[in-house]
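My entries follow in the order I made them.

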Amino acid sequence: MRIGPAGVEAFLAAPPEAIAAVLLHGPDAALVLERAQALARAIVPDPRDAFRRADLTEAELRADPARLADEYAALSLMGGRRVIRIRDVTETGKSLLGPFLEEVEAGTLAGDNLVILEAGELRKDSALLALFEDARRAASLACRPDGPAELGGLVDVWARTNALAVDGDVRALLAEALAGDRARARGELEKLALYVGPGGAVPRPVTLADVQAVLSELPEAGLFPLIDAACRGDTRRVLADLPLVLVDAGAVAAVLLLTDRIRRLQGGGGR
């Protein structure tokens, strides 16, 4: 089966027990790793629990083809499902994984552990990908660079975790500015959290000025004064200065945000 974008978060939080193996694939290696760790935590909350974890590579399985079936069928001494993570999986891994999944689906290989496979980008006609999409007890999950919608969700989780409050304009700007690289996005958000400081019972607001101070190297940074003016309702200042930054092709997302803000302000009586 294939996990679509709408079902990713629910699947990562609670993978169905019927699923024996998950193939994570895509060009964003940081996102592949992040989702592999999330799946592993859903089964084994403590990453230091050596009794319920096994880490392998495709090369190790090729040297010992029976290892995967043995790990899948193994029982934890302390009870609970185990996680078997296989890194550096390639297209040639189908020759190893095909027989394993056949046994699992036929019921000739007993076990209730979860196998997590981490691969790079696979072709649409990939035999390995088709193997996981067609299997009843396996799943595939693509890990492609995040767009604004996915980054918006990441910003929301980050804000809740750090007891911070992010309004719609700040959220939209962060999502646009950080889209495309999950590792970089997380690093920038961590810097921003350190700069702002954690909130308490009442979430601490993150302002456009905070974002400007931390993400000043971004192309959109030169537009922060204009965005701030738009948020204050100072339409005259925005309309006067906007032509000066329209030549910056890298600021398209922020210009669109400004345009939307101006339209709303004019409709609501901005000055």
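Predicted model: local features only at pLDDT ≥ 70, side-chain atom pairs only at ≥ 80, totals over all residues.

Entry 1, V196. I looked up V196 and found it buried, with a relative accessible area of 11% (buried means under 20% relative accessible area, exposed over 50%, partly exposed in between, with a 1.4 Å probe and protein chains only). V196 is found in helix α9; helices are DSSP runs of H or I with at least four residues, strands are runs of E with at least two, and both are numbered from the N terminus. I then listed what V196 touches, leaving aside its neighbours within four places in sequence: L164, R204, P205, V206 and D210. Contact here means heavy atoms within 4.5 Å. I also checked V196 against N162, which is 34 residues away along the chain, and their C-alpha atoms are separated by 9.8 Å.

Residues are numbered from 1 along each chain as its sequence is written, and side-chain values use heavy atoms, with hydrogens and water left out.

How many salt bridges does a search of the whole structure find? I got 12, a salt bridge being a side-chain nitrogen of Lys or Arg within 4 Å of a carboxyl oxygen of Asp or Glu.

R186 and E34 meet through their side chains at 2.6 Å, N to O. This pair links distant parts of the chain, with R186 in helix α9 (residues 182–196) and E34 in helix α2 (residues 29–43), 152 residues apart. R186 is partly exposed at 35% relative accessibility, whereas E34 is buried at 17%.

D55 and R87 form another bridge, at 3.0 Å, N to O. D55 sits in strand β2 (residues 53–57) and R87 in strand β3 (residues 83–89), so this pair ties together parts 32 residues apart in sequence. I read D55 as partly exposed at 41% relative accessibility, and R87 as partly exposed at 27%.

R82 and E71 also meet at 3.0 Å, N to O. R82 is in the loop between α4 (67–73) and β3, and E71 is in helix α4, so the pair ties together parts 11 residues apart in sequence. Both R82 and E71 are buried. Salt bridges with shared partners join R67, E71 and R82 into one network.

I found helix α5 (residues 94–106) and helix α6 (residues 127–134) packing at an angle of about 15°, with axes 10 Å apart. Axes are lines fitted to C-alpha atoms, for helices over the stretch in contact, and angles run from 0 to 180 degrees between N-to-C directions. That angle makes α5 roughly parallel to α6 (under 35 degrees is roughly parallel, over 145 roughly antiparallel, 65 to 115 roughly perpendicular and the rest oblique). K94, L97, G98 and L101 in α5 meet A127, L128, L131 and F132 in α6.

The axes of helix α7 (residues 148–161) and helix α8 (residues 168–178) come within 8 Å and cross at roughly 120°. That makes α7 oblique to α8. On the α7 side I noted P148, L151, G152, G153, V155 and D156, which meet R171, L174, A175, E176 and L178 in α8.
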